[in-house]
Amino acid sequence: MQVNAVAINQLTFAWPGPGTWRLSIEKLQIRRGEQVFIKGPSGSGKSTLLSILAGITAVRDGEVWVGNHPLHRLSASQRDHLRANSIGFVFQQLNLIPYLNLLDNVLLPVHFAGHSLHDYKTRAAELLGRLDIAQDLFHRPASQLSVGQQQRVAIARALIGKPALLIADEPTSALDADNRDAFLKLLLEQSKAVQTTVLFVSHDDALKQHFPRVLSMQTDQGNVTTCL
Ligand SMILES: Nc1ncnc2c1ncn2[C@@H]1O[C@H](COP(=O)(O)OP(=O)(O)OP(=O)(O)O)[C@@H](O)[C@H]1O
């Protein structure tokens with residue numbers, strides 16, 4: 001049976017507090033291996049949706065599945081476990097640890113997931129090689145890398161555990177057009193190589209041409225966002 005990478009049914013979400021904004025998604029299915037561009041104006045709920053899918057924000061109304069894991073039924077610690085084992089992240093601030101060397105940065109998610117680092121060292125080196133990072137850089141602190149190299153290390157780090165899902169939140173917004181396209185190409189190629197489903201959020205409409213599927217977050221006059 002084909003299991004979706006993401007399935008949402010009858011989800012309604014509101015942040016606690018006085019705000020009127022709501023997220024309402026009746027049905028959304030993303031197949032394994034799909035590469036999806038998520039767009040929407042500021043405040044439309046893109047980060048909220050990613051936070052729900054990453055299991056950081058809990059849902060009470062509706063169903064949210066990541067693979068065959070029902071996030072709506074999991075405890076906070078079960079969601080932490082799922083996040084550490086099944087989800088990779090790339091953000092605009094690449095969040096490399098400047099004083100750790102490049103290999104150790106790539107291996108961080110393995111460490112957090114509680115796996116043996118030894119088992120992943122070869123894979124980290126292979127991944128960095130595919131991303132065109134020379135071996136003599138592996139033991140340099142991340143702070144000594146160029147921005148382009150840091151981006152490639154961030155891709156390697158996000159994919160080291162072959163996560164089911166890669167969440168990319170505005171990772172290209174600080175880049176010029178050439179760097180942006182190169183980064184995106186590598187991210188999509190390498191995700192495909194490990195069959196990771198990609199959810200890529202950006203304000204930049206020009207990027208949607210790189211993605212087979214586009215989801216649009218739209219907010220109506222009643223301040224309710226849905227995802228089409
Ligand atoms: N932690 C929070 N607590 C309360 N309200 C929040 C919180 N985070 C976001 N919101 C509100 O939820 C709504 C959706 O915000 P969200 O950050 O998800 O939008 P976004 O599309 O990611 O915006 P941007 O593109 O500016 O990052 C907004 O009305 C915002 O003010």
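Predicted model: local features only at pLDDT ≥ 70, side-chain atom pairs only at ≥ 80, totals over all residues.
1. Pro-109 is buried, with 22 other C-beta atoms within 10 Å; a residue is called buried here if 20 or more other C-beta atoms lie within 10 Å of its own, exposed if 12 or fewer, and partly exposed in between, with C-beta atoms placed from the backbone. Pro-109 lies in helix 3, which covers residues 102-112; helices (H or I, at least four residues) and strands (E, at least two) are DSSP runs, numbered from the N terminus. Leaving aside neighbours within four places in sequence, Pro-109 is in contact with Gly-88, Arg-157, Ile-160 and Gly-161, where contact requires that the C-beta atoms of two residues, placed from the backbone, lie within 7 Å. The C-alpha atoms of Pro-109 and Leu-159 are separated by 9.3 Å, although the two residues are 50 apart along the chain.

2. Residues are numbered from 1 along each chain as its sequence is written.

3. As to the overall fold, the secondary structure of the protein comes to six helices and ten strands. The radius of gyration is 18 Å, close to the 17 Å that the globule rule gives for 228 residues, so the protein is as compact as a globular protein of that length; the radius is taken over C-alpha atoms, and the rule is 2.2 Å times the number of residues to the power 0.38. Taken along the principal axes, the C-alpha atoms fill a box of roughly 55 × 40 × 40 Å. Buried residues make up 36% of the 228 residues, and, among contacts between residues at least 6 apart in sequence, 73% join residues at least 24 apart.

4. The UniProt annotation "domain: ABC transporter", from an unreviewed entry, covers residues 6-228; UniProt positions are given in the numbering used here, feature names are shortened, and annotations may be inferred rather than shown by experiment. The span of residues 6-228 is 33% helix and 25% strand, and its end C-alpha atoms lie 15 Å apart.

5. The surroundings of the ligand include Trp-15, Gly-17, Gly-19 and Trp-21, as well as Gly-40 and the run Ser-42, Gly-43, Ser-44, Gly-45, Lys-46, Ser-47 and Thr-48, a residue being near a molecule if its C-beta atom, placed from the backbone, lies within 6 Å of it. This shell divides into two nonpolar, nine polar and one charged residue.

6. The largest nonpolar core has 55 residues, and those with the most contacts inside it are Val-106, Ala-124, Val-153, Ala-156, Ile-160 and Ala-168; such a core is a set of buried Ala, Val, Leu, Ile, Met, Phe, Trp, Tyr and Cys residues joined through C-beta atoms within 7 Å. Helix 5, residues 147-159, contributes the largest share of this core, six residues. Not counting residues up to four places away in sequence, Ala-124 touches Leu-103, Val-106, Leu-107, Ala-156 and Ile-160.

7. Thr-197 has its place in strand 8, residues 197-201, and is buried, with 23 other C-beta atoms within 10 Å. Beyond its neighbours within four places in sequence, the contacts of Thr-197 include Ala-5, Ile-30, Arg-32 and Leu-166; Thr-197 and Leu-166 are 31 residues apart in sequence and 6.0 Å apart in space, C-alpha to C-alpha.

8. Leu-49 lies in helix 1, residues 46-53, counts as buried with 28 C-beta neighbours inside 10 Å, and is in contact with Leu-23 and Cys-227, leaving aside neighbours within four places in sequence.

9. Two backbone angles deserve a check. Most residues other than glycine have a negative phi, whereas phi of Gln-10 is near 50°, a positive value. Gln-10 is found in strand 1, residues 6-13, and is exposed, with 11 other C-beta atoms within 10 Å. Phi of Glu-170 is likewise near 50°; Glu-170 is found in the loop between strand 7 (165-169) and helix 6 (177-193), and is partly exposed, with 17 other C-beta atoms within 10 Å.

Notes
Nonpolar A, V, L, I, M, F, W, Y, C, P; charged D, E, K, R; others polar.
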